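Look over the chain first, then read the points below.

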Amino acid sequence: MAPTQQNLAWSVVGQGAIGLLAACRLQLHGYAVSLWLREPAPLSVIFNTLEHQQYSCYFLPTIAPIQHSVVAVKAYAVASCLAQLKPYLAHHAQLIISHNGMPDLDSLRQFAGVDQGIWFLSTSHGALRKKGAIEHTGEGQSSLCPLNHAAVKATPAVLDAMQAALGPVTLTENIMPALWRKLAVNAVINPLTTLFNCRNGALVEPQYASTIQRIIAEVCELANAEGMALPYDSTLQHVYHVMQATANNYSSMQQDHAQGRPLELAAITGFILKTAAKHQLAMPENQAIWQTLSAD
Ligand code: KPL
């Protein structure tokens, strides 16, 4: 029998909310999924879907060589994680990297060998990791971009798997517009839910509206200075849409803050301020967020 795509082995690196969401959904779609675990012991996870169904997922630790991998670690951990994985990758491995904040796509490309495919995936799904469980808390969508030729060649299999993991997925050759839109989402939702210690949905309350508008205006001005069209009205609408679609979720930054883990602030607000400095643009709202949260 010819192998089906579901026979493809996937390893998920990163047991945060998005990594585990992808792992459970891939497994439920029939893919063979393992986890890149620190401890060489299996992991059982209860998966609660958006439709209030509950599944029990069971993962064995990944055995090298890794054929296909979703790498969903924090922005600040990507480089060291990829360096650590490199010796364990099959020579034709496909690596799908996903994190918040603006990635450096050129340095990601450099991690791949000639026949290794490298991809970036940006997602707006919301998920909450609890002890022994993962809950899908917000319907989202994803943009998926092949970053090299070896990735383009593997498109059908990778696209099918990512539709299962974090779909609906839009395949794109230029992920920059999606990354800027996602940056606007994360620049608003992540710091504000952290500062006000609330769920994403609470930010639709009118008392937050002017702060949200100012953050978005700054991100749009910056995108335009970088030569990227990011219209204010549709971006504002999109950010409110994500707040509503993930209303029940605590953002990843709020969760990190509550657990005393490092924040992804440098890749989001830090990136905005660094890029603004190049253009000599003032970003007072983002500056205030940086000052408050980086001092925490
Ligand atoms: O990306 C997210 C995050 O929490 O990091 C959103 C889309 C805001 C979902 O919570």
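The shell around the ligand holds three nonpolar residues, 11 polar ones and no charged ones. Here Ala, Val, Leu, Ile, Met, Phe, Trp, Tyr, Cys and Pro count as nonpolar, Asp, Glu, Lys and Arg as charged, and the others, Gly among them, as polar. This is a predicted model: local features need pLDDT of at least 70, side-chain atom pairs count only at pLDDT 80 or more, and totals for chains, interfaces and linings use all residues. Residues are numbered from 1 along each chain as its sequence is written.

**Ligand surroundings**
- Of the 14 residues around the ligand, G126, I189, N249, S251 and S252 come nearest. A residue is near a molecule if its C-beta atom, placed from the backbone, lies within 6 Å of it.
- Helix α6 gives the most to this shell, with four residues. Helices (H or I, at least four residues) and strands (E, at least two) are DSSP runs, numbered from the N terminus.
- Domain 1 (5-173) and domain 2 (177-294) each supply at least three residues of the shell. The domain bounds come from an automatic or database domain assignment.

**Nonpolar core**
- The largest nonpolar core has 87 residues. Such a core is a set of buried Ala, Val, Leu, Ile, Met, Phe, Trp, Tyr and Cys residues joined through C-beta atoms within 7 Å.
- V12, A22, W119, A184, V188 and V219 have the most contacts inside this core.
- Helix α6 (residues 176-195) gives the most to this core, with 10 residues.
- The core lies between domain 1 and domain 2, because both give residues to it.
- W119 touches L95, I96, I97, L144, C145, P146, L147, A151 and V158, leaving aside residues up to four places away in sequence. Contact means C-beta atoms, placed from the backbone, within 7 Å.

**Backbone details**
- Most residues other than glycine have a negative phi, and most peptide bonds are trans.
- A cis peptide bond joins A64 and P65, with omega about 5°. P65 lies in the loop between β4 (54-61) and β5 (66-71).
- The bond from G167 to P168 is also cis, with omega near 0°. P168 sits in the loop between α5 (155-166) and β11 (169-171).
- H52 has a positive phi, near 65°. H52 is exposed, with 7 other C-beta atoms within 10 Å. By definition, a residue is buried at 20 or more such atoms, exposed at 12 or fewer, and partly exposed in between, with C-beta atoms placed from the backbone.

How values were computed: Contact = placed C-beta atoms within 7 Å.
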